[in-house]
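My entries follow in the order I made them.

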Amino acid sequence: MSSPTPSSVKEFQVVNRIIEYLKGAPNVINSTDWTLRRSAERCASFTKFGNVAVHSTVKNRSAKVTVYVGSDAVRQKTLNPQQTEIMDNLSKTLCSLEEYVKLAPIVRINRTMGNNDEFSPNCTIFVSIQRPEMIRLAYMTWATLFPVKPHGEPKQHILYIPEWQEGERQILVFPEISTTVVLGTDYYGESKKGFLRMAMWNAKQRGMLGLHAGSKILKAKGPDGRLRRYGMLIFGMSGTGKTTHTCHTHGLNDKDEGIEILQDDVVFLKKDGTAYGSERGFYLKTEGLDPVTQPVIYKAATSRDAIFENVMIDYEGNLYFENDTLTSNGRGIMIREDLSPYISNDINLPPVDVLDELIVAFITRRHTVVPLAARLTPEQAAAAFMLGESIETSAGDPRRAGESIREVGTNPFIIGDKSYEGNWFYDFVKRHEGKVQCYQLNTGGLGEIIENHPNGVKVFKRKVQRVEIPEMSAIIRGIVRGTNKWVKDKYWNLEVPAFVEGMDLSRYNVEKFYEVDSIINQVSDLRCERVAYIEKFNTLDKVIIKAAEIM
């Protein structure tokens with residue numbers, strides 16, 4: 001690892017000094033679980049289900065004003081104008097912050113991420129309650145993580161000052177001293193991702209790979225009648241269906257079949273396939289939440305212990321999940337125990353050698369010519385990991401919602417060399433070839449036509465033929481039951497399903513939506529985009545780049 005710059009060393013010293021001061025400062029309250037919840041409830045609304053609903057002024061993550069501070073190993077390679085200004089003023093900002101934390105009333109809570117003896121970060125958050133209702137940020141963090149373990153390692157810190165000047169909003173990430181400073185936003189996602197981002201960096205220093213993925217166990221009977229036990233990792237950008245399918249039964253209702261939900265957002269993968277879980281509270285997008293197609297999630301999300309953030313609620317406590325007047329990024333925290341009886345007693349996925357197979361699924365959300373499902377070789381799986389293809393959702397940048405995006409590992413929170421992560425993942429799937437099966441699942445659909453006008457206006461000439469949740473569940477059910485039939489696709493160098501029990505695949509025949517020449521052109525254009533993107537990673541294994549070129 002490279003050394004921090006001299007200026008970074010000084011900045012580290014200031015940040016460490018602030019954290020040490022806060023640990024024993026007279027203006028810091030060490031909150032207990034009971035008083036924390038009671039205080040948060042006084043500043044919240046109640047839904048008809050008896051749980052609390054809160055609203056933030058900032059409705060999304062502030063990615064454009066997030067900077068990584070430290071050595072070359074962690075710093076972003078390119079900065080936008082806002083990030084450049086933040087870095088130019090960093091010393092002045094930290095000086096002002098050091099004085100301010102001596103004045104503001106602050107609440108402190110201490111929790112643990114994960115539940116294992118090898119990697120369970122100790123997480124401390126300091127939240128300014130200059131605005132008293134900001135106690136909810138501490139409460140939501142408390143709800144998401146586990147009770148503190150006395151000797152949890154590594155130690156991670158977040159300092160949260162929501163009332164900082166709006167024009168100077170910034171998120172300062174110091175990976176090498178495991179501290180994040182959040183200034184000028186009251187959105188809970190900065191706390192959640194702040195701890196998880198830091199944990200993924202720390203896991204990487206210990207030889208693991210932090211994944212933006214849900215985890216579960218599935219038990220299914222194959223055509224031979226034998227019951228098999230599968231692990232599953234589900235990758236996906238926020239808002240693409242990762243939590244939905246992590247917390248879905250997929251209709252595995254035969255005798256002895258079923259699922260066990262482990263985690264919905266971030267796990268820490270070891271080379272033997274063990275995937276350590278991170279959280280006790282799942283943070284889901286509530287848009288489209290439905291008791292019919294998502295019964296497990298709906299039950300947990302409407303329990304007494306759930307917390308809603310930026311979800312439309314009326315004066316009588318009724319919830320309107322489809323109402324996006326305030327934001328399309330409504331959120332909810334649901335507690336694992338409320339997913340009973342589908343929750344596992346353990347949050348950790350066991351190693352590959354104790355499972356029949358490990359299934360790795362990359363969720364993408366495309367609306368034109370990408371197949372609904374594809375079975376991948378190890379090389380194609382590593383390429384899919386690096387490409388991280390999807391569309392932007394309101395969870396990221398609402399102004400770009402619907403645009404094509406790529407994020408390595410579908411993970412916007414990677415610190416450091418992304419090629420390293422792709423090579424690590426390829427080595428993992430290759431060494432377990434035969435036991436690890438990889439798939440790409442498109443939760444969007446096919447057939448969309450958008451006309452781009454010279455003035456920048458986009459006109460939808462035809463809406464996407466969406467794949468519904470029960471249909472995608474049928475594909476997953478067929479994977480674990482071994483009933484899907486796979487064939488080489490006509491346009492892609494991929495194996496795609498020719499038969500899925502309980503699903504009419506003819507509805508998604510790409511030739512029903514486009515002329516053959518149009519399909520060929522769209523496939524060619526997408527391949528060119530992939531090549532241009534993946535060739536930027538000059539230390540990536542060449543077989544991964546080759547796979548991306550011909551997928």
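Which strands does helix α3 lie across, and at about what angle to β4 does the helix run? I found that α3 (residues 81-88) lies across β4 and β8, running at about 55° to β4.

**Ground rules.** I am reading a predicted model, where local features need pLDDT of at least 70, side-chain atom pairs count only at pLDDT 80 or more, and totals for chains, interfaces and linings use all residues. Residues are numbered from 1 along each chain as its sequence is written, and side-chain values use heavy atoms, with hydrogens and water left out. Helices (H or I, at least four residues) and strands (E, at least two) are DSSP runs, numbered from the N terminus. Axes are lines fitted to C-alpha atoms, for helices over the stretch in contact, and angles run from 0 to 180 degrees between N-to-C directions.

Entry 1: I traced 7 strands in an open sheet. Their order is β1-β5-β6-β7-β9-β8-β4, with mixed pairing. Two strands pair if DSSP finds at least two bridges between them. The edge strands are β1 (28-30) and β4 (66-68), each pairing on one side only. From one strand to the next, the twist averages 15°. I then checked β4 against β8 (residues 170-174): they pair in the parallel sense over 3 bridges. Val-67 has Leu-172 in β8 as its bridge partner. Helix α6 (residues 189-205) also packs on this sheet. It touches β4, β6 (122-128), β7 (155-161), β8 and β9 (179-183), where contact means heavy atoms within 4.5 Å. The direction of α6 makes about 155° with that of β7.

**Entry 2: a second sheet.** Here I found 5 strands in an open sheet, ordered β2-β3-β17-β20-β16, again with mixed pairing. β2 (45-46) and β16 (281-285) are the edge strands. β3 (residues 52-54) and β17 (residues 307-309) run parallel, joined by 3 bridges. Val-52 is the bridge partner of Ile-307. Helix α5 packs on this sheet and touches β3, β16, β17 and β20 (331-335).

**Entry 3: α2 and α5.** How do the axes of these two helices cross? The axes of α2 (residues 33-42) and α5 (residues 135-144) come within 9 Å and cross at roughly 130°. That makes α2 oblique to α5. I noted the cut-offs: under 35 degrees is roughly parallel, over 145 roughly antiparallel, 65 to 115 roughly perpendicular, and the rest oblique. Among the residues that meet are Leu-36 and Ala-40 in α2, and Ala-138 and Trp-142 in α5.

**Entry 4: α9 and α10.** α9 (residues 378-387) and α10 (residues 418-431) pack at about 150°, with axes 9 Å apart. They are therefore roughly antiparallel to each other. Residues in the contact include Phe-385 of α9 and Phe-425 of α10.

**Entry 5: a hairpin.** β30 (residues 485-488) and β31 (residues 495-499) pair in the antiparallel sense over 4 bridges. They form a hairpin with 6 residues between them. Val-487 has Val-496 in β31 as its bridge partner.

**Entry 6: rings.** I looked up aromatic pairs last. Rings of Phe, Tyr and Trp (its six-membered ring) pair if their centres lie within 6.5 Å; planes under 30 degrees apart count as stacked, over 60 as edge-to-face and the rest as tilted. The count comes to 15 aromatic pairs. Phe-235 and Phe-362 have ring centres 4.8 Å apart and planes at 25°, so the pair is stacked. This pair links distant parts of the chain: Phe-235 is in β12 (residues 227-235) and Phe-362 in β21 (residues 357-364), 127 residues apart.
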